[in-house]
Amino acid sequence: MLPRRRQCKIIIATSLFWIFVDFVLLMYYTAPCVGPKCQQPTNEDGSGPIKRIIDRANKWMNELPEERKQMEIPKPVNLDGPGEMGKPVIIEPEGKAESERLWPINEFNLMASDRIALNRSLPDVRPRGCANKVYPKKLPTTSVILVYHNEARSTLLRNVHSIINRSPHDLLAEIILVDDASDQEHLGKSLEDYIAKLPVSVYVVKMKGRSGLIRARMAGAAVAKGQVLTFLDSHCEVTEGWLEPMLARIAEDRTTSVCPVIDVISDDTFQYQHGNDPQMGGFGWSLFFKWFPVPKREQIRRKGDPTEPVRSPTMAGGLFAIDKSYFEELGQYDPGFNIWGGENLELSFKLWMCGGKLEFIPCSHVGHVFRKKSPYHFPPGTNYVNKNNKRLAEVWLDEYKNFYYRISPSVAKTDPGDISDRLNLRKSLSCKSFKWYLENIYPESSWPVNYQFMGEVRNTEAHVCLDTMMKEAGNKVGLYGCHGQGGNQIWAFTKNNELRHDDLCLDVARGGPVMMLSCHMQGGNQHWNYDEKSKEMKHSSGLCLDLSDKSKEEPSVQACNGKKSQKWDLKTLDLIS
Ligand SMILES: [Mn+2]
């Protein structure tokens, strides 16, 4: 043991040392002001790290063309202004009628958006631990690409200003606005004049005719000068520190494509709302994108660190960043895709199956105005979503395409056009199988990988089949004349003894009606046993699936009695062959 006084001295010296280290780090990482009006730092010898950062920033400012310097982005002065710090804007009763009149133009509250400053302040919504993460000094540059068709001026420019205000300018190569044939006046010359004066290169690429999201994005990518492409929707606002963690991830591994966590900007009040946990992207039987909570396996892999990237099977599609050269290697988007739809899954499948990765970055938060419906009109004619999905299925789903066509018969009938290029691409990239993807990347999927039976559940007395009747979770399951066409009459009897249609599981509580509820994978009320000899479908409660005695529109569960109304044929449809 050291003498007491010596112990004290050591403790004090160590504390002082760490306080000093903290102080130096704090000084080093405090963001300096940028621009000609900055106060020079008063470092004793004038050569500290802060001075170096400020010198670099000023050098950058001075290298800008003269006209760019004219516009200073005003910092918010009035934190009580409408919408500041992401607060909601409530329209007073006198303004209600006008705000409702304006609503259909963009399918959001334009009056509320127009009242909010273009450089409004937002709260720092990142999880604890993000703000003091240190990223490599040398990160790739990025071009931010925003595609729009008749976007409102205030949402588009607030997006642009948020990117300029919250991104290190040496990482921001440019902001490319791809105008997909807008015809609103405010998106014409006055917009171009405005953005020409911004302190970052912002310019408009105009599509010749209405081209749709997919082609417009590729037009933006074609002219991008940054090493990374960052795609955002046109009605977003980025938050503090959104860019660095995404670029750092791509710098580590260029085959990783990343998405920010997408927060909600209210379509009515423009309030910035954020949840706690990130979600993962998946898809249902009909290839519709859906969100689902981060499963246990991924939480374990991340060791419970809320700042650690979340590996996701799919992306929602609107907001993501990818290395430009890797995006090209992956064949960008399928050029045979039209307008919108399926492109997010195509890229997600490609990334995982062909050796890349897809992650959500919890330290990167971007708000997006979620609308209840689209204000856009598309030319009538071929169903482009069906055609896109047909191409997607033919190129990427392998034998599972047969299952998908049973679920979506209208897609099965659609002509995909020439897909030979895409098949060659898949071959040249030596991509893995869709089954591998389902088993390894998306084991929570409702797709039939592990099942005992798949097809119709047909009653032997009345020749009716279990049918979802196109209803959602929380409704009773129906019975309908068996049609053999798949669709709503396809049920999977899984290895876990669930009777499921996509994410709906047959669920019975206390002998009550047979409900369709979200599958919880916990057995219990969703556990069934099928006896091939007696043809009984027995619930975990011991009751048997039966025709209802009143009407024949819904089944029920009754005490098992061996009667014909309790006998069910499982008629397998050959789905995966
Ligand atoms: Mn959107």
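Reply: Let's start with H12: its buried residues pack against H11, helix H13 (400–407), helix H14 (409–412), helix H15 (420–428) and helix H16 (434–440). Helices here are DSSP runs of H or I with at least four residues, strands are runs of E with at least two, and both are numbered from the N terminus. Bear in mind that this is a predicted model, where local features need pLDDT of at least 70, side-chain atom pairs count only at pLDDT 80 or more, and totals for chains, interfaces and linings use all residues. Residues are numbered from 1 along each chain as its sequence is written.

Me: Which residues of H12 are the buried ones?

Reply: They are Lys387, Asn388, Asn389, Lys390, Arg391, Leu392, Ala393, Val395 and Trp396. Buried means 20 or more other C-beta atoms within 10 Å of the residue's own, exposed means 12 or fewer, and partly exposed is in between, with C-beta atoms placed from the backbone.

Me: What makes H11 and H12 roughly parallel?

Reply: Helix H11 (residues 343–353) and helix H12 (residues 384–396) pack at an angle of about 15°, and their axes are 10 Å apart. Axes are lines fitted to C-alpha atoms, for helices over the stretch in contact, and the angles, between N-to-C directions, run from 0 to 180 degrees. Under 35 degrees counts as roughly parallel, over 145 as roughly antiparallel, 65 to 115 as roughly perpendicular and the rest as oblique. So H11 and H12 are roughly parallel to each other.

Me: Which residues make that contact between H11 and H12?

Reply: On H11 it's Glu343, Leu345, Glu346 and Phe349, and on H12 it's Asn388, Leu392 and Trp396. In contact means that the two C-beta atoms, placed from the backbone, lie within 7 Å. By class, that makes four nonpolar, one polar and two charged residues. The classes: Ala, Val, Leu, Ile, Met, Phe, Trp, Tyr, Cys and Pro are nonpolar, Asp, Glu, Lys and Arg are charged, and the others, Gly among them, are polar.

Me: How do you know that the length of H12 agrees with its residue count?

Reply: The expected span is 1.5 Å times one less than the number of residues. For the 13 residues of H12 that should give 18 Å, and the end C-alpha atoms are 18 Å apart, so the two agree.

Me: Why is Asp398 called partly exposed?

Reply: Asp398 has 16 other C-beta atoms within 10 Å, so it is partly exposed. Asp398 sits in the loop between H12 and H13, and its phi is near 50°, a positive value in a residue other than glycine.

Me: And why does Ile339 count as buried?

Reply: Ile339 has 20 C-beta neighbours inside 10 Å, so it counts as buried. Its place is the loop between helix H10 (324–329) and H11, and its phi is positive too, near 60°.

Me: What makes Leu499 buried?

Reply: Leu499 has 27 C-beta neighbours inside 10 Å, so it counts as buried. Leu499 belongs to strand S18 (residues 499–501). Neighbours within four places in sequence aside, Leu499 is in contact with Trp491, Phe493, Cys505, Leu506 and Trp528.

Me: Why is Gly86 called buried?

Reply: With 22 C-beta neighbours inside 10 Å, Gly86 counts as buried. Gly86 is in the loop between helix H2 (49–63) and helix H3 (96–106). Its C-alpha atom is 9.7 Å from that of Thr269, 183 residues apart along the chain.
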